[in-house]
Amino acid sequence: MSENKTELKRSLGLIDATSLVAGSMIGSGIFIVTSAMARDIGSAAWLLVIWLVTGLITVAAALSYGELAGMMPKAGGQFVYIQRAYGRLVSFLYGWTVFTVIQTGVIAAIAVTFANYSAIFFPALDNVIFTMGSSFAFTNSKALAVISIILLTYINTKGVQSGKTVQLILTSAKLIALFALIILGLYVGLQTNILSDNFANMWEASKNVVNANGTITVTKLTGMALLGAAGATMINSLFSSDAWNNVTFIAGEIKEPKKNIPRSLFLGTLIVTIIYVLANVAYLALLPMQGTPGAETAFENGIMFASNDRVGAAAAGMIMGNVSVFVMAALIMVSTFGANSGLILSGGRLFYAMAKDGLFFKQATELNKNQVPAKALWVQCIWASVLAVSGKFGDLLTYATFASLLFYILTIIGVFVLRKKEPDTERPYKAFGYPFIPAIYILVTVAICITLLVYDTFNTGLGLGIVALGVPVYYLVMNKK
């Protein structure tokens, strides 16, 4: 088989694609972000509403993407859809943002999270190897983060079968573990009054801020202030539910993509939405919403002030006691390792598609003897490793989350654009509830973006700046051609 062969082989079925959707979505967010959301909104009912709305708009987006995936079952997914609807510049800006921050930044963040939880079993990982100045320290855990990225990249260069096997095993393991946490959590929690106590004043929302002296400032939220706070904190649940679109990047390797991609998008996002809502119900059944910062026990800290925001570990502690620290660490290690396996597998295909269109390194179009874009995978690996070592991925992801939402909006508007531009194009699957469901998604997400612009102007502005940097890069690339 030729080393330079550039056409991918279709070998992934519906189960594989659904596993990629669910596995890429479930990382460490569900075990952490609920704590910050509880402080921002202060209400058990509103907390569940935010998670439910997040799930509904994610499923709505997935259903809309299904139409585009059926029309264009090619490697690159969202990049291809955007280019078809808006042209090369906009598609390059999407690919640029995905490469510089979104995909590689998430890979870096998840790899570092994996390494940090590994340190619970191997404390030596916290040791510093060397420092540079007063602000940079290269630790054993950062080295492990890079090693994990390299290892998963290597596995994925061995062929899509290797990548899919790892993905399927790890996704199955974390789904089973999450369902166990939910079932045991509800079994233990419902034998107490904690859930009913949390819902005693379930619609009374408030923002809770811990002051430097340890006191808490509580601000009641009503009207527009409540909607603003809900919209701003939803960025946490949206980030935890992201990466569902990665399956579209590997469309060139999915069997019967016109059917299986829309189905996998729907099934994967629905499964994760159910798990996320039930996991939060389990948290509310095991821990009080309110708490005391820095208290001695997980119960006294409550959901709001869980130690290091590790609400999943605190909830597990109520079920299993001290051993839960290790059980939860193991679960998060499996979860993050599995999420990165899917992200690395799919990300390389996007950059492969960009390269075939002349918008990325030419060598990224080449497939190795295992028929995978190995060079694209290794370029992704190198930049993700740089971000992991630098420690700047957290800031970059904060900036890029807003940009990511904008590209989701643009892509779904593309459904309307292409219906008008290409009315006669074959559409094996048509967006469910068109035009209402796509329109609702667009309106809700635009409202969230406006809220973020108002409440988090600095980070959203920097996110737009990252996208804008791609404009001169695009024209440089075109000028060289």
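This note comments on helix packing, a strand hairpin, aromatic pairs and backbone geometry in a predicted model.

1. Basis. Local features of this predicted model need pLDDT of at least 70, side-chain atom pairs count only at pLDDT 80 or more, and totals for chains, interfaces and linings use all residues. Residues are numbered from 1 along each chain as its sequence is written, and side-chain values use heavy atoms, with hydrogens and water left out. Helices (H or I, at least four residues) and strands (E, at least two) are DSSP runs, numbered from the N terminus.

2. Helices H7 and H12. Helix H7 (residues 160-189) packs against helix H12 (residues 311-320) at an angle of about 60 degrees, and their axes are 10 Å apart. Axes are lines fitted to C-alpha atoms, for helices over the stretch in contact, and angles run from 0 to 180 degrees between N-to-C directions. H7 and H12 are therefore oblique to each other (angles under 35 degrees count as roughly parallel, over 145 as roughly antiparallel, 65 to 115 as roughly perpendicular and the rest as oblique). The contact (heavy atoms within 4.5 Å) involves Leu181, Leu184, Gly185 and Val188 of H7 with Ala316, Met318 and Ile319 of H12. By class, six of these residues are nonpolar, one is polar and none is charged (Ala, Val, Leu, Ile, Met, Phe, Trp, Tyr, Cys and Pro count as nonpolar, Asp, Glu, Lys and Arg as charged, and the others, Gly among them, as polar).

3. Helices H5 and H17. Between helix H5 (residues 88-118) and helix H17 (residues 457-480) the packing angle is about 115 degrees, with the axes 9 Å apart. Residues in the contact include Phe92 and Trp96 of H5 and Tyr474 and Tyr475 of H17. The contact comprises 13 nonpolar residues, three polar and one charged.

4. Ala205 stands opposite Leu221 in E4. Five residues separate the strands of this hairpin, and Gly214 in the turn has a positive phi of about 95 degrees.

5. Aromatic pairs. The structure holds 17 aromatic pairs. Phe121 and Phe326 have ring centres 5.7 Å apart and planes at 55 degrees, so the pair is tilted (rings of Phe, Tyr and Trp, the last by its six-membered ring, pair if their centres lie within 6.5 Å; planes under 30 degrees apart count as stacked, over 60 as edge-to-face and the rest as tilted). Phe121 lies in the loop between H5 and strand E1 (128-132) and Phe326 in helix H13 (residues 324-356), so the pair ties together parts 205 residues apart in sequence.

6. Backbone. Tyr434 and Pro435 are joined by a cis peptide bond, with omega about 0 degrees. Ala243, although not a glycine, has a positive phi of about 80 degrees.

Notes: Pairing = 2+ DSSP bridges.
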